[in-house]
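Student: I would like to learn how to read the features of a model. Please take me through them.

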Amino acid sequence: MTLQYKNVLVAVDGSEGAKHAFEKALKISKKSKARLIISHVVDLRSFSRIEPYSLISLTG
């Protein structure tokens, strides 16, 4: 018995791991004729380093 999915959700962030996850999710969704939902994820912690250069501090 093979699992059949109606929806497949994959999160991507531009990394190699996300690329692999996307390719796997695409394969599964095609095989199951399922809807593929792609969520682009951004790690906001990476922006904390540029806070001193934000527009708010430049205009204030």
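**Reading the fold and its surface**

Tutor: Along the sequence, the protein chain runs in the pattern β-α-β-α, with helices (H or I, at least four residues) and strands (E, at least two) taken as DSSP runs numbered from the N terminus. This is a predicted model, in which local features need pLDDT of at least 70 and side-chain atom pairs count only at pLDDT 80 or more, while totals for chains, interfaces and linings use all residues. Residues are numbered from 1 along each chain as its sequence is written, and side-chain values use heavy atoms, leaving out hydrogens and water.

Student: Is Ser32 buried or exposed?

Tutor: Buried means under 20% relative accessible area, exposed over 50%, and partly exposed in between (1.4 Å probe, protein chains only). Ser32, in helix α1 (residues 16-32), counts as buried because its relative accessibility is 10%. Buried residues make up 13% of the 60 residues in the protein chain.

Student: Which residues does Ser32 touch, not counting residues up to four places away in sequence?

Tutor: Contact means heavy atoms within 4.5 Å. On that basis, Ser32 touches Leu3, Gln4 and Tyr5. Among contacts in the protein chain between residues at least 6 apart in sequence, 64% join residues at least 24 apart.

Student: Where is Leu3, and is Leu3 buried or exposed?

Tutor: Leu3 is in the segment before β1 (7-12). Leu3 counts as exposed because its relative accessible area is 61%.
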